[in-house]
Amino acid sequence: MIFSRGFSRLPRNSFHGLCRCLLSNRPDPHQFLASKACSQSLADSTQKILGCREFWSSGLPTFPGSLTSRHQIHHQNSSIVEEPQDPFSLVSDELSLIADRLRAMVVAKVPKLASAAEYFFKMGVEGKRFRPTVLLLMSTALNGSIPEPPTQSEPPTRLEDAFPTELRARQQCIAEVTEMIHVASLLHDDVLDDADTRRGVGSLNSIMGNKVAVLAGDFLLSRACVALASLRNTEVVSLLSTVVEHLVTGETMQMTTAADQHCSMEYYIEKTYYKTASLISNSCKAIAILAGHTTEVAMLAFDYGKNLGLAFQLIDDVLDFTGTSASLGKGSLSDIRHGIVTAPILFAMEEFPQLRAVVEQGFDNPANVEIALDYLGKSNGIQRTRELARKHASLAAEAIESLRESHDEDVLRSRRALLDLTHIVITRTK
């Protein structure tokens, strides 16, 4: 992120077996080996990684120390928690409400700023709304019954009337603030990365220029601050303010990495927490705090968000090598081309120490990119990154199953959905 000048973790019940549905033992992943030699051109680099060595898994294999080898699935509960469900559909009505609110919140007096600020909130380019979904599901998983959507027989005058409780409205506000901070960070990141595309369309900086993109990001942050202040909860304000600091810290760590830090997995994980996981972890914690939960429960919510966020970014790092620009909505191989060393390369470096010299030279020379990709293709870097993502997904699931037992159907559904999200995150292809 950049800013323009001047803005400067109980008892277990039958529900707990749900986690095993997602994290149970599965057959070992199959290794896909290429039948042809790797291509030598940079344009075929993604195929090179896929062709040389790529591991795909239909589920979550057991790994040492994980939850998967320690518990059995309990079947005595009702079908409520066993039937497949789409996590996003559980909160679709609220997501629509939040989307409408966000579009209203980013209106500006200056037409050009208004157009820039609303760029990624317009219908069709809103993205997956992953973070608001997590936060709304966490709200129900901790609070109890989910608000009833409007009915056709007695529709409310306003959509807001379908979600009447003050607590729910305040938690929705956290979802809105979180999404604005997230989009602001995207706008700033695209300027720093000189990105051309985002979410399958032209990036704002490529359409309206860097200055307008930076100012639009700052405008979104200011709107988020106003909404956050309206909650009148100093602990929550402090949490979300710290997130903004973390985003800046993480981006700076990435820009100013020293040679030894460039090759450090510990440094990479710390940077990744700041840039990606801090927002979702602290927002989940804020949801618990607003509901008056204990410190223990708040930390379980935090741990879920932290590990889900880390798993999400680790898979992003894999997809940067294995995905296509069309599937990602942005350029593939963008990290390495910008000199950013991520988990797959770090793991490859452990197998091929000679790769370190290439990394230390940097990737301004396309030949170094080719060499790094050759080593990555011969290594287990992609597989090991996926395994690390699975580990963090398992830790996120453990946080949810550690919550106090409940027999409320909506709570169980939402907790199941949060578990489903850990699976979705690590099996996604875009």
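Helix 7 passes helix 10 in a right-handed crossing, and I would like to begin there. Please bear in mind throughout that this is a predicted model. Two packed helices are described by the angle between their axes and the distance between the axes. For helix 7, residues 166–193, and helix 10, residues 234–255, the angle is about 15° and the axes are 12 Å apart. That angle makes helix 7 roughly parallel to helix 10.

Which residues make this contact? From helix 7 they are Ile174, Val177, Thr178, Ile181, Ser185, Asp189 and Leu192. Helix 10 contributes Val236, Leu240, Val243, Val244, Leu247, Glu251 and Met255. Sorted by class, the contact of helix 7 with helix 10 has ten nonpolar, two polar and two charged residues.

Let me stay with helix 10. Its 22 residues reach 32 Å from the first C-alpha to the last, close to the 32 Å expected at 1.5 Å a residue. The buried residues of helix 10 include Val236, Leu240, Val243, Val244, Leu247 and Glu251, each of which has also been named in the contact with helix 7. Leu239, His246, Gly250, Met253 and Gln254 of helix 10 are buried as well.

Arginine 232 has a positive phi of about 50° although it is not a glycine. Is arginine 232 buried or exposed? At 78% relative accessibility, arginine 232 counts as exposed, since the cut-off for that class is over 50%.

I turn now to helix 9 itself. The 20 residues of helix 9 should span 28 Å at 1.5 Å a residue, and its end C-alpha atoms are 29 Å apart, which agrees. Among the buried residues of helix 9 are Val212, Ala213, Val214, Ala216, Gly217 and Asp218. Further along helix 9, Phe219, Leu220, Leu221, Ala224, Ala227 and Leu228 are also buried. What do the buried residues of helix 9 pack against? The partners are helix 4 (92–105), helix 5 (111–117), helix 7, helix 8 and helix 10.

Helix 8, residues 204–208, brings us to leucine 204. Leucine 204 is buried, with a relative accessible area of 1%. Leaving aside neighbours within four places in sequence, leucine 204 is in contact with Ala116, Tyr119, Phe120, Leu187, Gly209, Ala213 and Ala216. Of these, Ala213 and Ala216 are buried residues of helix 9. Leucine 204 and alanine 117 are 87 residues apart in sequence, yet 9.4 Å apart in space from C-alpha to C-alpha.

Two leucines of helix 7 also deserve a word. Leucine 186 has its place in helix 7, and at 9% relative accessibility it counts as buried. Where the count leaves out residues up to four places away in sequence, leucine 167 touches Asn143, Leu290 and Ala291. Leucine 167 and alanine 291 are 124 residues apart in sequence and 6.9 Å apart in space, C-alpha to C-alpha.

I shall close with two further helix pairs. Helix 6, residues 130–143, packs with helix 20, residues 409–427, at an angle of about 145°, with the axes 8 Å apart. Helix 6 passes helix 20 in a left-handed crossing. On the helix 6 side, Phe130, Val134, Leu137, Met138, Thr140 and Ala141 take part. They meet Asp410, Val411, Ser414, Arg415, Ala417, Leu418, Leu421 and Val425 in helix 20. By class, the contact of helix 6 with helix 20 has ten nonpolar, two polar and two charged residues.

The second pair is helix 16, residues 343–351, with helix 18, residues 366–378. Their packing angle is about 70° and their axes are 9 Å apart. Helix 16 and helix 18 are therefore roughly perpendicular to each other. Pro344, Ile345 and Ala348 of helix 16 make the contact with Ala372, Tyr375 and Leu376 of helix 18. How many nonpolar, polar and charged residues has the contact of helix 16 with helix 18? There are six nonpolar residues, no polar and no charged ones.

Methods. Residues numbered from 1 in each chain as written. Predicted model: local features only at pLDDT ≥ 70, side-chain atom pairs only at ≥ 80, totals over all residues. Heavy atoms only, no water. Axes fitted to C-alpha atoms, helices over the stretch in contact; angles between N-to-C directions. Helix = DSSP H or I, 4+ residues; strand = E, 2+ residues; numbered from the N terminus. Parallel < 35°, antiparallel > 145°, perpendicular 65-115°, else oblique. Left-handed = near helix turned anticlockwise from the far one by under 90°. Contact = heavy atoms within 4.5 Å. Nonpolar A, V, L, I, M, F, W, Y, C, P; charged D, E, K, R; others polar. Expected span 1.5 Å × (residues − 1). Buried < 20%, exposed > 50% of the residue type's maximum accessible area, 1.4 Å probe, protein only.
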